[in-house]
Amino acid sequence: MNFFKLRENNTSVSKEFYAGFTTFLTMLYIVPVNGFILADAGLPMDAVITATALITILATLFSALWSNTPIAMSVGMGLNAYFSYGLVLGMKIPWETALGIVFLSGILFVVLSLTNFRVWIMTSIPMNLRRAISAGIGTFIAFIGLKQMGMIVSNDATLVSLGDFSNANVLLGVLGLILSFSFYAYKLRGAFILSIAITSIVAWSFSLNDVPKEFFSAPASIEPILFKLDILSALTLSLLPVIITFLITDMFDTLGTLTGVGTRANLFQENNKDDKSLQKTLEADAIATVGGSLLGVSTTTAFIESASGVEEGGRTGLTAVFTALLFITTLFMLPLFKSIPSNAIYPVLVVVGVLMFTELGKINFEDTDLATSAGAFLIVILMPLTFSITNGIAAGFLIYTIIKLVKKEYKDLNLGILVITFISALAFIL
């Protein structure tokens with residue numbers, strides 16, 4: 001165990017196992033949730049569930065051995081919803097092409113993670129706009145969750161309105177939402193998977209969904225989605241803004257997660273020039289995204305749920321190794337996952353959306369300038385209203401740059417902002 005430097009990190013095998021088990025419980029929900037989300041885009045659920053489990057195992061294990069940090073990785077919430085509902089269903093892009101977009105954004109991330117681009121992009125984009133992107137994605141996936149649950153429905157007069165709360169399935173979703181919020185508020189380990197389990201049992205008890213005839217089986221084949229990405233179709237100028245959106249969002253999501261977890265675990269310290277763990281974790285994240293697209297799933301990223309393991313004392317890659325090994329069990333849970341009612345799944349999107357939206361509270365709109373306020377507002381409001389993360393980011397950066405130009409505040413317009421603004425303009429022109 002000298003490889004993981006347990007003694008130097010003041011930890012032990014038993015402590016790392018308990019931490020890994022805690023991380024596993026808190027992020028177990030991603031396997032069935034991602035299966036439902038990508039299935040909505042037309043990918044076969046059986047294959048997606050297996051592929052999600054596989055990329056979680058492989059990415060987490062690779063990150064553990066490469067960076068020796070307690071960071072678990074899996075298919076990212078937010079971009080998986082954008083993949084299905086924004087690109088495939090919204091823009092009518094074939095899911096094979098959408099996987100090509102994920103692949104290209106991953107390749108760019110791999111290249112850029114080996115350079116100083118990470119530092120450049122982080123210093124180029126104002127922190128408040130980065131927070132607005134996180135909050136905007138939160139509103140986007142929460143909106144999707146409410147829509148899929150039937151709590152909000154389309155309306156010709158008002159665009160959206162309340163759904164039919166006399167419908168048993170809608171009430172089931174309400175129950176799932178209440179349970180998810182309640183368990184998370186009490187900081188229960190595995191809050192999301194526990195709410196999914198209880199909601200599913202209620203659905204089975206009232207014959208709202210079929211009771212599983214068996215709980216375990218051999219893993220489903222991933223052949224229907226393996227290497228099915230269409231890279232050539234993704235290599236078009238019109239899709240460049242989408243590729244950049246996936247790249248920037250994955251980068252911000254990963255850095256935000258690593259900053260939060262690192263603070264608690266005393267990792268990724270900027271004043272320690274010999275600490276290469278941040279760089280290696282970013283490299284692992286980027287490589288995992290490329291690998292995930294080959295397996296047939298959307299963007300892979302570091303999971304904030306890793307913080308739960310850190311809170312239990314996890315400090316090294318051994319925590320992530322145990323998490324990865326525990327995820328092997330999910331390969332054999334296909335019948336159980338498929339029997340879960342959709343309205344036990346979609347409440348999780350709403351709660352995750354709320355958690356991401358809290359980033360908006362860190363923006364002081366009274367002290368910030370109009371350009372930042374307007375940019376943040378458009379980012380947050382247009383992501384759900386246009387069903388597009390790309391459109392939200394594009395509108396936000398465009399209005400930010402325009403106001404800065406009008407006020408002649410040229411010092412705030414660095415090269416990074418101008419490049420993103422140019423790409424943002426392409427999103428509307430093309």
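1. Is phenylalanine 192 buried or exposed? Phenylalanine 192 is buried, because its relative accessible area is 5% and buried means under 20%. Note that this is a predicted model.

2. A search of the whole structure finds 12 aromatic pairs.

3. A second pair to look at joins tyrosine 82 and phenylalanine 140. The ring centres are 6.1 Å apart and the planes stand at 80°, so this pair is edge-to-face. Tyrosine 82 is in helix H4 (residues 79-88) and phenylalanine 140 in helix H7 (residues 127-149), so the pair ties together parts 58 residues apart in sequence. Both residues, tyrosine 82 and phenylalanine 140, are buried.

4. Rings also gather in a group. One aromatic cluster is formed by Phe17, Phe21, Phe24, Phe322 and Phe327.

5. Two charged side chains sit over rings. Arginine 130 lies over the face of phenylalanine 252, at 5.5 Å from the ring centre. Lysine 280 places its charged end over the ring of tryptophan 66, 5.0 Å from the centre.

6. Next, the nonpolar core. In soluble globular proteins, nonpolar side chains tend to be buried together. Here the largest nonpolar core has 123 residues. Tyr29, Val33, Phe83, Ile101 and Ile196 have the most contacts inside it. Helix H11 gives the largest share of this core, 11 residues. Valine 33 is in contact with Met77, Ile196, Ile345, Val348 and Leu349, leaving aside neighbours within four places in sequence. Another core lies apart from the largest one. This other core has 7 residues, including Phe4, Leu6, Ala64 and Leu318.

7. A polar atom of the threonine 257 side chain lies 2.9 Å from the backbone oxygen of aspartate 253. Threonine 257 counts as buried because its relative accessible area is 4%.

Conventions. Residues numbered from 1 in each chain as written. Predicted model: local features only at pLDDT ≥ 70, side-chain atom pairs only at ≥ 80, totals over all residues. Heavy atoms only, no water. Phe/Tyr/Trp six-rings, centres within 6.5 Å; stacked < 30°, edge-to-face > 60°. Buried < 20%, exposed > 50% of the residue type's maximum accessible area, 1.4 Å probe, protein only. Helix = DSSP H or I, 4+ residues; strand = E, 2+ residues; numbered from the N terminus. Lys NZ or Arg CZ within 6 Å of the ring centre and 35° of its normal. Polar contact = N/O pair within 3.5 Å; in protein donor to acceptor, adjacent residues only side chain to side chain. Core = buried A, V, L, I, M, F, W, Y, C linked by side-chain atoms within 4.5 Å. Contact = heavy atoms within 4.5 Å.
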